[in-house]
Amino acid sequence: MLHEWTSDQLRHLADARELHISAPRAGRMPRTWVPIWVVVVDDRVFVRTWYRRDTGWYGRAVASGQAWIRVAGDPVRAQVTVIGSRDSDAVDAAYRSKYGAAAASSMVTDEAAASTLLLTPASDPDTSGTVTLDP
């Protein structure tokens, strides 16, 4: 079951320069946080990688369909949905607006757009809440 981001969470994610994300490894809890860029469009949270691959945080998040993110310093379990190039114009515009056209240039390519993930908070009480990860 999924629920929506709170207005405070959305504000924090929209204002954050970087989002810290961690994805599980082969059924185990995630271990380390990776800083990535994040944008919010119409109360939906999107992340991308400039180079799509089956390894690293991106590959593990896609394979498991979940990740942990830090929202206002608190770990939150998120459902990961691959949306690819759907809504790419709006997400591209959000990256350009937030990070600047020059800085965001690697995040608004066709390759990066194809890697777009939608993050939705997961409400499973058995797996959400406090989790300890390496700093």
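By class, seven nonpolar, two polar and two charged residues make up the lining of the largest pocket, where Ala, Val, Leu, Ile, Met, Phe, Trp, Tyr, Cys and Pro count as nonpolar, Asp, Glu, Lys and Arg as charged, and the others, Gly among them, as polar. The model described here is predicted, and local features need pLDDT of at least 70, side-chain atom pairs count only at pLDDT 80 or more, and totals for chains, interfaces and linings use all residues. Residues are numbered from 1 along each chain as its sequence is written, and side-chain values use heavy atoms, with hydrogens and water left out.

The residues that line this pocket are Val34, Pro35, Ile36, Trp37, Arg48, Thr49, Trp50, Arg53, Trp57, Ser106 and Met107, and its volume is about 160 Å³. On a 1 Å grid over the protein atoms alone, a pocket is an open set of points where a 1.4 Å probe fits, with protein on both sides within 12 Å along at least five of seven lines, and lining residues have an atom within 4 Å of a point; grid points are joined across faces, edges and corners, and the volume is the space filled by probe spheres set on the points. Strand S2 (residues 34-36) contributes the most to the lining, with three residues.

Thr49, one of the lining residues, lies in the loop between strand S4 (44-47) and H2. Thr49 is classed as buried because its relative accessible area is 6%, buried being under 20% relative accessible area, exposed over 50% and partly exposed in between (1.4 Å probe, protein chains only). Leaving aside residues up to four places away in sequence, Thr49 touches Trp57, Tyr58, Met107, Ala112 and Ser115, a contact being heavy atoms within 4.5 Å. The C-alpha atoms of Thr49 and Trp37, which are twelve residues apart along the chain, are separated by 8.6 Å.

As a whole, the protein chain has four helices and seven strands, arranged along the sequence in the pattern α-β-β-β-β-α-β-β-α-α-β; helices (H or I, at least four residues) and strands (E, at least two) are DSSP runs, numbered from the N terminus. Of the 135 residues of the chain, 44% count as buried, and among contacts with a separation of 6 or more, 72% are accounted for by residues 24 or more positions apart.

In soluble globular proteins, nonpolar side chains tend to be buried together. Not counting residues up to four places away in sequence, Trp5 is in contact with Leu10, Leu13, Asp43, Val45, Ile69, Val71, Val76, Leu119, Thr120 and Pro121.

Within helix H2 (residues 56-64), the buried residues include Trp57, Tyr58, Gly59, Arg60 and Ala61. The helix is followed by Gly65, whose phi is positive, near 75°, and which is found in the loop between H2 and strand S5 (66-71). Gly65 is buried because its relative accessible area is 14%, and, not counting residues up to four places away in sequence, Gly65 touches Ala78, Gln79 and Val80. Between the C-alpha atoms of Gly65 and Ala23, 42 residues apart along the chain, the separation is 8.9 Å.

In strand S1 (residues 19-22), Ser22 counts as buried because its relative accessibility is 1%. The side chain of Ser22 reaches the backbone oxygen of Thr32 at 2.7 Å.

Most residues other than glycine have a negative phi. Asp43, although not a glycine, has a positive phi of about 65°; Asp43 is placed in the loop between strand S3 (38-41) and S4 and counts as exposed because its relative accessibility is 56%. Asp87 likewise is not a glycine and has a positive phi of about 65°, with its place in the loop between strand S6 (74-82) and H3. Asp87 counts as partly exposed because its relative accessibility is 33%.

Definitions and conventions:
Polar contact = N/O pair within 3.5 Å; in protein donor to acceptor, adjacent residues only side chain to side chain.
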